Amino acid sequence: MENNNMSFEAALKELEAIVKELENKEIPLEKSVDLYAKGLEYSQLCYKLLNQSEKLILEKMTENGLEKLEEDR
């Protein structure tokens, strides 16, 4: 993967393209393995970016007292 500064949307688009290519049953095994490895990298990046976003949202909720409101429900 070339770009660690990639957005979630861009990483997800790349991951979807890899999945589509892997669904093509006529690609050689070696290429399939390479694509799978790239897909794992994009998947990990997406997971990391989602976790960062979740932490940021929770921080903002806590700063604004909204987390307490959620607990009261």
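**View 1. Helix H2 from end to end.** H2 has 35 residues, which should span 51 Å at 1.5 Å a residue; its end C-alpha atoms are 51 Å apart, so the two values agree. The expected span is 1.5 Å times one less than the number of residues. Helices (H or I, at least four residues) and strands (E, at least two) are DSSP runs, numbered from the N terminus. This is a predicted model, in which local features need pLDDT of at least 70 and side-chain atom pairs count only at pLDDT 80 or more, while totals for chains, interfaces and linings use all residues. Residues are numbered from 1 along each chain as its sequence is written, and side-chain values use heavy atoms, leaving out hydrogens and water. Just after H2, Gly65 takes a positive phi of about 75°.

**View 2. The whole chain.** The protein has 3 helices and 0 strands. Along the sequence the pattern is α-α-α. Of its 73 residues, 16% count as buried. Buried means under 20% relative accessible area, exposed over 50%, and partly exposed in between (1.4 Å probe, protein chains only). Take the contacts (heavy atoms within 4.5 Å). Among those with a separation of 6 or more, 60% join residues 24 or more positions apart.

**View 3. The largest nonpolar core.** Such a core is a set of buried Ala, Val, Leu, Ile, Met, Phe, Trp, Tyr and Cys residues joined through side-chain atoms within 4.5 Å. The largest one has 10 residues, including Ala11, Ile18, Ile27 and Leu35. H1 and H2 (29–63) are the elements that give two or more residues to this core. H2 gives the most, with 5 residues. In H2, the buried residues are Ser32, Leu35, Gly39, Tyr42, Leu45, Cys46 and Leu49. The buried residues of H2 pack against H1.

**View 4. Met6 and its contacts.** Met6 sits in the segment before helix H1 (8–22). Its relative accessibility is 14%, so Met6 counts as buried. Beyond residues up to four places away in sequence, Met6 touches Ala11, Glu14, Tyr42, Leu45 and Leu49. Met6 and Leu49 are 43 residues apart in sequence, yet their C-alpha atoms are 9.5 Å apart in space.

View 5. A salt bridge is a side-chain nitrogen of Lys or Arg within 4 Å of a carboxyl oxygen of Asp or Glu. By this rule there are 2. In one of them, Lys31 pairs with Glu21, with the closest N and O atoms 2.8 Å apart. Lys31 lies in H2 and Glu21 in H1, so the pair ties together parts that are 10 residues apart in sequence. Lys31 is partly exposed, at 38% relative accessible area. Glu21 is partly exposed too, at 29%.

View 6. Glu63 forms a salt bridge with Lys60, and the closest N and O atoms are 3.8 Å apart. Both residues lie in H2, 3 residues apart, about one turn of the helix. At 56% relative accessibility, Glu63 counts as exposed. Lys60, at 43%, counts as partly exposed.
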